[in-house]
Amino acid sequence: MGRRPLVAGNWKMHTTIQEARKLAEAVVKAGADVIDRDIMIAPPFTALSAVFEIVRGSPSVRLAAQNICWAEKGAFTGEISPVMLKDAGCSMAIIGHSERRHVFGEDDAMINKRVLGAFEFELVPVFCIGETLDEREAGKTMEILENQMRSGLAGVTADQAQTVVVAYEPVWAIGTGKTATVEQAQEVHAFLRGLLVSMFEKNIATQIRILYGGSVNPENVDALMSQEDVDGALVGGASLKAESFDRIIHFQ
Ligand code: PGA
């Protein structure tokens with residue numbers, strides 16, 4: 001439906017400033033010939049400004065934070081405000097990543113506040129959801145995803161929804177080398193698209209990009225991207241290697 005693919009690299013807690021610069025230079029170079037898709041990279045907070053100096057001239061590469069606070073400023077030790085992130089060059093922010101949910105205990109209510117905060121300051125949320133292996137095996141995948149989606153996007157207006165990016169990342173596939181099959185990915189993505197139709201209008205839901213994440217690599221990206229409702233990839237491990245990410249960016 002004319003959705004522009006988005007290939008996003010989540011660098012997690014990797015790279016010193018110097019390493020980040022080098023990797024960002026490689027991504028800009030890899031993206032130089034790209035016209036029909038967007039690229040996003042999310043370095044650690046400490047490297048954002050340095051990386052922005054490298055990507056700012058690139059027509060295809062956008063800078064993202066790995067998380068975002070909802071407040072402009074104040075007593076929020078350890079958090080980074082949307083204003084600060086924009087100041088550092090970010091136009092997007094990953095929110096609700098499974099590691100935030102499961103390692104740091106962020107719940108749906110907090111994730112919703114972050115989503116609304118990002119919108120308030122005109123940053124695009126890359127809103128992540130995903131089921132655990134236990135939940136999948138118990139046949140609860142769609143129920144869990146629906147809850148996460150409805151609570152995470154509560155209060156989002158139709159206008160805002162047009163720009164949101166949703167990332168489906170099955171927890172059991174993140175960093176495990178275990179990718180969802182293309183059928184599993186498409187099944188969930190189609191379900192999520194239907195859910196978005198019921199939450200917003202159809203013409204809005206069909207514009208929302210739904211990324212797949214979880215052990216995406218140069219070998220599986222083409223098949224995943226061939227699916228109707230897979231509009232891009234959120235890539236962890238393979239985004240840290242310039243060569244792999246280059247290949248993923250150039251999925252066919
Ligand atoms: P992975 O991570 O590609 O290393 O599985 C994906 C993510 O957590 O966003």
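Student: Which residues of α5 are buried?
Tutor: This is a predicted model, so keep that in mind. In α5, the buried residues are Ile111, Asn112, Arg114, Val115, Gly117, Ala118 and Phe119.
Student: What covers them?
Tutor: The cover over the buried residues of α5 includes α3, β4 (92-95) and α4 (98-102). It also includes β5 (124-129), α7 and α8.
Student: How does the span of α5 fit with 1.5 Å a residue?
Tutor: It agrees. Helix α5 covers residues 108-120, 13 residues, and should span 18 Å. Its end C-alpha atoms are 18 Å apart.
Student: What happens just after α5?
Tutor: Glu122 takes a positive phi there, about 60°.
Student: OK, Val156 next. Where is it?
Tutor: Val156 is in the loop between α7 (141-152) and α8 (158-161).
Student: Is Val156 buried or exposed?
Tutor: Val156 counts as buried, because its relative accessibility is 9% and the cut-off for buried is under 20%.
Student: What is Val156 in contact with, leaving aside neighbours within four places in sequence?
Tutor: Val115, Leu116, Phe119, Ala161 and Phe200.
Student: Switching to α1. How long is it?
Tutor: Helix α1 runs over residues 17-30, which is 14 residues. From first C-alpha to last it reaches 20 Å, close to the 20 Å expected.
Student: Which α1 residues are buried?
Tutor: Ala20, Leu23, Ala24, Val27 and Ala30. Down the axis of α1, the buried residues fall within an arc of 120°, so they line one face of the helix.
Student: What do they pack against?
Tutor: The buried residues of α1 pack against β2 (38-42), α2 (48-55), β3 (61-65) and α12.
Student: What does the face turned away carry?
Tutor: That face of α1 carries the exposed residues Gln18, Lys22 and Lys29.
Student: Now His250. Where does it lie?
Tutor: His250 lies in the segment after α12 (242-249). It is partly exposed, with a relative accessible area of 24%.
Student: What does its side chain reach?
Tutor: The His250 side chain makes a polar contact with the side chain of Asp33, at 2.9 Å. It also reaches the backbone oxygen of Asp246 at 2.8 Å.
Student: Which residues is His250 in contact with, beyond four places in sequence?
Tutor: Ala30, Asp33, Val34 and Arg37. Ala30 is one of the buried residues of α1.
Student: What about Val7 and His250, how far apart are they?
Tutor: They are 243 residues apart along the chain, but their C-alpha atoms are separated by 9.2 Å.
Student: You mentioned Arg37. Which ring does it lie over?
Tutor: Arg37 lies over the face of Phe251, at 4.0 Å from the ring centre. Another case is Arg100, over the face of Phe104 at 4.1 Å.
Student: How many aromatic pairs are there?
Tutor: The count comes to two aromatic pairs. One of them is Trp70 with Phe76, edge-to-face, at 6.0 Å centre to centre and 85° between the planes.
Student: How exposed are Trp70 and Phe76?
Tutor: Trp70 is partly exposed, with 21% relative accessible area. Phe76 is partly exposed too, at 32%.
Student: Last one, Asp229. Buried or exposed?
Tutor: Asp229 is buried, with a relative accessible area of 9%. It is found in the loop between α11 (221-225) and β8 (232-235).
Student: Which side chains make polar contacts with the Asp229 side chain?
Tutor: The side chain of Gln186 does, at 2.9 Å. The side chain of Arg193 does as well, at 2.9 Å. Beyond four places in sequence, the contacts of Asp229 also include Arg3, His189, Ala190 and Ile210.

Note on methods
Residues are numbered from 1 along each chain as its sequence is written. This is a predicted model: local features need pLDDT of at least 70, side-chain atom pairs count only at pLDDT 80 or more; totals for chains, interfaces and linings use all residues. Side-chain values use heavy atoms; hydrogens and water are left out. Helices (H or I, at least four residues) and strands (E, at least two) are DSSP runs, numbered from the N terminus. Buried means under 20% relative accessible area, exposed over 50%, partly exposed in between (1.4 Å probe, protein chains only). Contact means heavy atoms within 4.5 Å. A polar contact is a pair of N or O atoms within 3.5 Å; within protein, one must be able to donate a hydrogen and the other to accept it, and residues adjacent in sequence count only if both atoms are side-chain atoms. The expected span of a helix is 1.5 Å times one less than its number of residues. The arc is that of the directions from the helix axis to the C-beta atoms. Rings of Phe, Tyr and Trp (its six-membered ring) pair if their centres lie within 6.5 Å; planes under 30 degrees apart count as stacked, over 60 as edge-to-face and the rest as tilted. A charge sits over a ring if NZ of Lys or CZ of Arg is within 6 Å of the ring centre and within 35 degrees of the ring normal.
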